Amino acid sequence: MMQQSKEDHTPDRGTVDLSLQANLVQLQAIFSKAPDLIIRTFIYKQTGQKAALAYLCGLVDKNSINNNVLYQLMFEPIADSEPMPTNYLPITIGDLKSTTQWSNIELMLLEGHSILFLEGAELAYSLDTQGWPQRAITDSQIEASLKGAHQGFIESGWQNVALLRRMISTRELKMLELYVGTRVRSKVTILYLEDVTAPHLVEELQKRLMALNVDCIINTGELAEYLEDRPFSLLPQFITTERPDTAASQLLQGRICVVLDRSSSVMVAPVGIAAFFQGIDDYSTRWPVASFMRILRFIACFVAAFLPGFYIACISFNVEVIPLDLILSIGQFRAAVPFPPFIEAMLMELMLEMLREAGIRLPAPVGQTVGIVGGIVIGQAAVQAGIVSNLMVVVVSSTAVASFILPNYDMASSIRLIRFPVMFIASFFGIIGIVVCFMVLVIHLVQLRSLGESYSSPIAPIRIRDWKDVFIRLPVWSMKKRPESVRSLQKTRIGPKHQLKGDDE
């Protein structure tokens, strides 16, 4: 079958006709087999013209249509005191636009607008009556916070933009609106601080978005995958967050936020490896506590990635690094285990991943029970059956706990995947293989880019000034400069001094 072109999805249907009947026929042809298309015909009282109001049921606010549109047009008294202009419409709707193109009418209807047609008018009016079902603004389930704000993004693009506007109430917050997708057009809003963010970053992101040629983009994770510099890398190259305070903090550092309509998360670009170890609670607690937690996360990252491989290397090859008393204990535990360390570790790690996925898919109370009880019962039964040793259960449990410490879910998932090739290499080459894996990972981090910027900065290239907020978190009053890796226009964290009206008085 021949692939449909972009023109097949969004055909040019021409302009609005003078005849109301012809416009309604065209509208019904565009939305054929669409029972949710409502067309209400009536007489516009002020002029006596035939009129029609069209909208998609379920995407509009019916109270707004009845009270602010239909009632005003059908029953509004005619003002005899002075003549009204020909384009006057007694509608109490905030946003009123006119268009002549059928392609714009189709898009507006799908976005929840109502379209008003008038007999003898070569244009149609788009009325802002959006009112589709949406959930309330609640706390994020993935990025929990103890002392931060308890508001999370929802599936409405404008609501998410409003949350960011509420966080950063300044006129320097600029927005660019784009549409991506050839079959289903999704609205993408780029947000940045004009006096802080480097212009070349905005231009690069805008160029990549405009170059997309896909049917539809549903969620932010899918959008980030299209925009990545290295799509085959295991590491995430953009941050997707559900927290407005996290996104606002990244905007103030000079980064860009991308809001995708119908998605409950926001993408942040460009980012470095250090940003994935920073949590919003780091800045709402005292800096010694935050620094301790930051160091703990880096240690947990190494434990989650290399501890199972290190266990395999020590048991299989480098027994000399283990103290003698511990060797005797390990030998006693492993005497009844028929599998080599690599098979033993793979069995437990795969079982752990299955328990994790089962806990996510089940309802929350049941999932927690399955995760805890399943881990204890299966681990104890495996040890008693002689399938694995006690030390292997300790290693796998420590790895699981370490992976949960990382604040970013995407990075934690990547670290979970990295440990499997590390285990495989360690089973053949021991500790030397682990060292080689670490060197390959470091080389990959140095080469990786996020929106064209260095992914490993400020660690490589070394920028000592930015280390105040990498491995530890120094007091906020000591971090007077924005990160150099973002190349922000305004280096200091103090905004420009705008003159107000009262300054001259």
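**Close-up views of a predicted model**

**View 1. Glu344, tucked away in helix H11.** With a relative accessibility of 0%, Glu344 counts as buried (buried is under 20% relative accessible area, exposed over 50%, partly exposed in between, with a 1.4 Å probe and protein chains only). Glu344 sits in helix H11, residues 341-361 (helices, H or I, are DSSP runs of at least four residues and strands, E, of at least two, numbered from the N terminus). Leaving out residues up to four places away in sequence, Glu344 touches Tyr311, Arg334, Val337, Phe339, Ile387, Val388, Ser389 and Met392 (contact means heavy atoms within 4.5 Å).

A quick note before moving on: this is a predicted model, where local features need pLDDT of at least 70 and side-chain atom pairs count only at pLDDT 80 or more, while totals for chains, interfaces and linings use all residues. Residues are numbered from 1 along each chain as its sequence is written, and side-chain values use heavy atoms, with hydrogens and water left out.

**View 2. Ser64, a buried residue of helix H3.** Ser64 belongs to helix H3, residues 62-75, and its relative accessible area of 12% makes it buried. Setting aside neighbours within four places in sequence, Ser64 is in contact with Val69, Ile93 and Thr129.

View 3. Helix H9 runs over residues 287-316, and its 30 residues should span 44 Å at 1.5 Å a residue (the expected span is 1.5 Å times one less than the number of residues). The end C-alpha atoms are 42 Å apart, which agrees. Look for a kink of about 50° at Phe306, shortly before the proline Pro308 (the bend at a residue is the angle between axes fitted to the seven residues ending there and the seven starting there).

**View 4. The annotated transmembrane stretches.** An unreviewed UniProt entry puts the annotation "transmembrane region" on residues 295-319, 387-406 and 418-446; such annotations may be inferred rather than shown by experiment. Residues 295-319 are 88% helix and 0% strand, with end C-alpha atoms 29 Å apart. Residues 387-406 are 80% helix and 0% strand, and there the end C-alpha atoms lie 30 Å apart.

**View 5. Aromatic rings that pair up.** How many aromatic pairs does a search of the whole structure find? It finds twelve (rings of Phe, Tyr and Trp, the last by its six-membered ring, pair if their centres lie within 6.5 Å; planes under 30 degrees apart are stacked, over 60 edge-to-face and the rest tilted). Phe276 and Tyr455 have ring centres 6.2 Å apart and planes at 45°, so this pair is tilted. The pair links distant parts of the chain, 179 residues apart: Phe276 is in the loop between strand E10 (266-269) and H9, and Tyr455 is in the segment after strand E12 (453-454). Phe276 is buried at 1% relative accessibility, and Tyr455 is buried at 0%. Phe302 and Phe438 form another tilted pair, with ring centres 6.0 Å apart and planes at 40°. Phe302 lies in helix H9 and Phe438 in helix H14 (residues 409-447), so the pair ties together parts 136 residues apart in sequence. Phe302 is partly exposed at 44% relative accessible area, and Phe438 is partly exposed at 34%. Ring pairs also join Phe277, Phe298, Trp467 and Phe471 into a cluster.
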